[in-house]
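Let us learn to read a protein model, one feature at a time. Keep the structure in view as you go.

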Amino acid sequence: MSAHTAAVAPDTDRDTTVAALFETHHAGLLRVAVLLGAGPDAEDVVAEAFYQLQRRWGRIRDKDAAVGYLRGVILNLTRMRFRHLRVVRRHAQQNVEFAEDSAEQHALLRDEHRHVVSALRTLPTRQHQVLVLRYWLDLSEAEIARTMGISQGAVKSHASRGMAKLSSILKGAET
């Protein structure tokens with residue numbers, strides 16, 4: 001094997017693996033970004049997550065955990081978006097509401113989910129994120145804790161409070 005082939009082979013393997021992950025998980029991760037509140041930036045958030053995975057491929061110890069890594073990046077980028085919007089609101093002295101749903105968001109969410117997503121948006125950020133990771137992705141408390149960088153107890157607390165408030169909102173909408 002030549003020096004050139006040895007240098008290209010790891011990159012080719014990485015590129016092939018990341019492309020396969022993209023093909024398999026892109027649509028689901030896009031839904032997660034939308035549900036976490038990335039709004040019109042959902043496509044960019046997911047693209048950035050795959051870029052970060054590609055860039056840091058050599059540092060990832062367990063290649064089977066790549067999807068979990070992508071979820072974590074999406075969650076963090078969405079948090080950064082919320083922080084940015086908070087700063088913009090504070091400095092602009094105006095109330096910035098969620099942007100109107102894009103065509104992509106309408107395509108990704110069925111009509112029956114729109115009401116739940118709307119109610120989710122009223123929850124505090126951590127509660128919103130825990131509920132999406134738990135009930136849309138069906139992650140365990142341990143997986144959610146690792147993804148969000150919080151304790152399992154905090155996951156339980158956010159899930160409990162979020163479900164109580166979400167139930168209250170949805171029951172109020174039915175009457």
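**Reading the model, step by step**

A: A search of the whole structure, which is a predicted model, finds one aromatic pair.

Q: Which residues form the aromatic pair, and how is it described?

A: A pair of aromatic rings is described by the distance of the centres and the angle of the planes. Here Phe 22 and Phe 50 form the pair. Their centres are 5.0 Å apart, with 70 degrees between the planes. That makes the pair edge-to-face, because the angle is over 60 degrees.

Q: Where in the chain do Phe 22 and Phe 50 lie?

A: Phe 22 is in helix H1, residues 3-36. Phe 50 is in helix H2, residues 42-55.

Q: Is Phe 50 buried or exposed?

A: Look at the relative accessible area. For Phe 50 the value is 6%, so Phe 50 is buried. Phe 22 has 37%, so Phe 22 is partly exposed.

Q: Which residues have the most contacts inside the largest nonpolar core?

A: They are Phe 50, Leu 53 and Ile 74, in a core of 41 residues. Several elements give two or more residues to this core: H1, H2, helix H3 (66-92), helix H5 (111-120), H6, H7 and helix H8 (152-174). H1 gives the most, with nine residues.

Q: Which residues does Ile 74 touch?

A: Leave out residues up to four places away in sequence. Ile 74 then touches Leu 29, Ala 33, Leu 36, Val 45, Val 46 and Ala 49.

Q: Is Gln 52 buried or exposed?

A: Gln 52 lies in helix H2. Its relative accessibility is 10%, so Gln 52 counts as buried. Gln 52 touches Tyr 69 and Val 73, again not counting residues up to four places away in sequence.

Q: What span should H6 have?

A: Count 1.5 Å a residue. The twelve residues of H6 should then span 16 Å. The end C-alpha atoms of H6 are 16 Å apart, which agrees. Buried residues of H6 are Gln 127, His 128, Gln 129, Val 130, Leu 131, Val 132 and Leu 133.

Q: What sits over the ring of Tyr 135?

A: The charged end of Arg 134 does. The distance to the ring centre is 5.6 Å.

Q: What is the phi of Asp 138?

A: Asp 138 has a positive phi of about 60 degrees, although it is not a glycine. Asp 138 is placed in the loop between helix H6 (125-136) and H7. Its relative accessibility is 59%, so Asp 138 counts as exposed.

Q: Which residues of helix H7 are buried?

A: An α-helix has 3.6 residues a turn, so residues three or four places apart point the same way. In H7 (residues 141-148), the buried residues are Ile 144, Ala 145, Thr 147 and Met 148. They cover an arc of only 165 degrees around the axis, so they are on the same side of H7. Gly 149 follows H7 and has a positive phi, near 70 degrees.

Q: How many helices and strands does the protein have?

A: There are eight helices and zero strands. Read along the sequence, the pattern is α-α-α-α-α-α-α-α.

Q: How many of the 175 residues, as a percentage, count as buried?

A: The share is 35%.

Conventions. Residues are numbered from 1 along each chain as its sequence is written. This is a predicted model: local features need pLDDT of at least 70, side-chain atom pairs count only at pLDDT 80 or more; totals for chains, interfaces and linings use all residues. Side-chain values use heavy atoms; hydrogens and water are left out. Rings of Phe, Tyr and Trp (its six-membered ring) pair if their centres lie within 6.5 Å; planes under 30 degrees apart count as stacked, over 60 as edge-to-face and the rest as tilted. Helices (H or I, at least four residues) and strands (E, at least two) are DSSP runs, numbered from the N terminus. Buried means under 20% relative accessible area, exposed over 50%, partly exposed in between (1.4 Å probe, protein chains only). A charge sits over a ring if NZ of Lys or CZ of Arg is within 6 Å of the ring centre and within 35 degrees of the ring normal. The arc is that of the directions from the helix axis to the C-beta atoms. A nonpolar core is a set of buried Ala, Val, Leu, Ile, Met, Phe, Trp, Tyr and Cys residues joined through side-chain atoms within 4.5 Å. Contact means heavy atoms within 4.5 Å. The expected span of a helix is 1.5 Å times one less than its number of residues.
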